There are 2 protein chains.
Amino acid sequence: MQIGVLGTGVTGLTIGSKLVQLGHEVMLGSREEANAEAVAWAKEEGHHALYGTFMNAAAFGEIVFNCTLGSASLQALTLAGAENLRGKILIDISNPVDYSTEIWTMTVSNTDSLGEQIQRAFPEARVVKTLNTMNANVMVDPAKLSEKSDVFVGGNDIEAKAVVVAILRDWFGWKSIIDLGDITTSRGVEMFVLLWQNLQRIVRSPRFNIRVVTS
Amino acid sequence: MQIGVLGTGVTGLTIGSKLVQLGHEVMLGSREEANAEAVAWAKEEGHHALYGTFMNAAAFGEIVFNCTLGSASLQALTLAGAENLRGKILIDISNPVDYSTEIWTMTVSNTDSLGEQIQRAFPEARVVKTLNTMNANVMVDPAKLSEKSDVFVGGNDIEAKAVVVAILRDWFGWKSIIDLGDITTSRGVEMFVLLWQNLQRIVRSPRFNIRVVTS
């Protein structure tokens, strides 16, 4: 499959590499046509690994991953172009967090979320919020943790969510996938990031996740 | 031990009953001196179960639990009186949530928290935030869940946290207690409530909790 990955930070590179390893053709998108990170990544990953602008990557992908920083996501997706996202599944991994303060703060929260903002701004994209509650290494290799943990999905398009659930299960190896509901559930998973920051300090590693324990 | 429990909702009644069962003398505090819920509870629980105003309960308690609704907590504690909280451990279980909307919203979040507001308003109280990430029945009986799960504590007073950790472990049966840090960590655990609301819908029961899975 042809997949567009927007963002050349750790999350974009990690997701991109995993998808290439799975045999997909991946175009990493960034603001510039030849972002240094993306060029180095493509050289490393071989001929199935491509790079280009946000617009190139979105046009290339049958499915698009948003791995940009939350603070830049709406702008990046605007550069990608609504016409290049139309009808496509847009897997939104971003978190609207300002990392510049010692205690992180959300740039949108409580009564709205970045997931909702993206769905409103691109009504013809099929936005599915997922994977944003953990570190990139855990996203693509959940079995590396000592026990089973949970990944959440949320979105308005039932079919799009079913495809994303299959991707999480069959491509990334997730055994426990919790469909929280529509795109408004982005609020809860995005606001979890502040607890995640605290936990990261305690665990002394970003390689952890949570699991829901029932009675 | 003499313990004050502020609030006569499900959380206050459940915590109060557990403490009475453990052999403590508990005074349930509410806005009125003889709140109907509190009177009925005291009748049910026997001679170690007392009731009174917020002020009565705070004065009575060597330790005080804040189990009031988050929207009313600062007012309830003001009625309790700073002089009755001075030097005491104040275990804050409240969440600053407006439950009136279908999707709950926080009345304080992101750059501040109710835990911090309480500590600022009552600087001589030793505020420890804990137990607010779960349902009351789970708080006092974590072993009822199918597997071990986690409870978080946060607060500025190291000794107060040590006492609360002992209470959670020895009185309530918690086996995994995570000290997140100072009172600013209230932000993360309070904002978790929105994800909790989504999870409650999926689990179809409030009897669940989360567990941190590491590598």
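**Stop 1: a pair of strands in chain A**

Select A:Ile63 and look across to strand 5 of chain A: the bridge partner there is A:Ile89. Before going on, keep in mind that this is a predicted model. Now widen the selection to residues 63–66 and 89–92 of chain A, which are strand 4 and strand 5. These two strands pair in the parallel sense, over four bridges.

In chain A, eight strands make up an open sheet in the order 3-2-1-4-5-8-9-10, with mixed pairing. Its edge strands are strand 3 (49–53) and strand 10 of chain A, each pairing on one side only. From one strand to the next, the twist averages 25°.

A quick bit of background: strands of a sheet pair through backbone hydrogen bonds, either parallel or antiparallel.

**Stop 2: over to chain B**

Chain B has an open sheet too, with eight strands in the order 3-2-1-4-5-8-9-10 and mixed pairing. At its edges sit strand 3 (49–53) and strand 10 of chain B.

Pick residues 2–6 and 25–30 of chain B, strand 1 and strand 2: they pair in the parallel sense over five bridges. For a landmark, B:Val5 has B:Leu28 in strand 2 of chain B as its bridge partner.

**Stop 3: inside chain B**

Select residues 151–155 of chain B, which form strand 9. Is strand 9 of chain B buried or exposed? Five of its five residues are buried, so strand 9 is largely enclosed by the rest of the structure. Both faces are covered, with B:Val151, B:Val153 and B:Gly155 on one side and B:Phe152 and B:Gly154 on the other.

Which neighbours does it pair with? Strand 8 (residues 126–130) of chain B joins strand 9 in the antiparallel sense over three bridges, and there B:Val128 stands opposite B:Gly155. Strand 10 (residues 177–181) of chain B runs parallel to strand 9, with four bridges between them. Look for B:Gly154 opposite B:Gly181. To get from strand 9 to strand 10, the chain passes through helix 8 (residues 158–171) of chain B, in a right-handed β-α-β crossover.

**Stop 4: where the chains meet**

Show both chains and colour the contacts: 39 residues of chain A are in contact with 39 residues of chain B. On the chain A side, strand 7 (105–106), strand 10 (177–181), helix 9 (186–203) and strand 11 (208–214) each supply at least two residues. Which element of chain A gives the most? That's helix 9, with 13 residues. Coloured by type, the chain A side shows 17 nonpolar, 16 polar and six charged residues.

Now highlight residues 208–214 of chain B, strand 11: seven bridges join it to strand 11 of chain A, and the two run antiparallel. A:Val212 stands opposite B:Ile210 here.

How values were computed:
Residues are numbered from 1 along each chain as its sequence is written. Chains are lettered from A and ligands numbered from 1 in the order in which they are written. This is a predicted model: local features need pLDDT of at least 70, side-chain atom pairs count only at pLDDT 80 or more; totals for chains, interfaces and linings use all residues. Two residues are in contact if their C-beta atoms, placed from the backbone, lie within 7 Å. Ala, Val, Leu, Ile, Met, Phe, Trp, Tyr, Cys and Pro count as nonpolar, Asp, Glu, Lys and Arg as charged, and the others, Gly among them, as polar. Two strands pair if DSSP finds at least two bridges between them. A residue is buried if 20 or more other C-beta atoms lie within 10 Å of its own, exposed if 12 or fewer, and partly exposed in between; C-beta atoms are placed from the backbone. A crossover is right-handed if, with the strands pointing away from the viewer, the path from the first strand over the helix to the second runs clockwise. Axes are lines fitted to C-alpha atoms, for helices over the stretch in contact, and angles run from 0 to 180 degrees between N-to-C directions.
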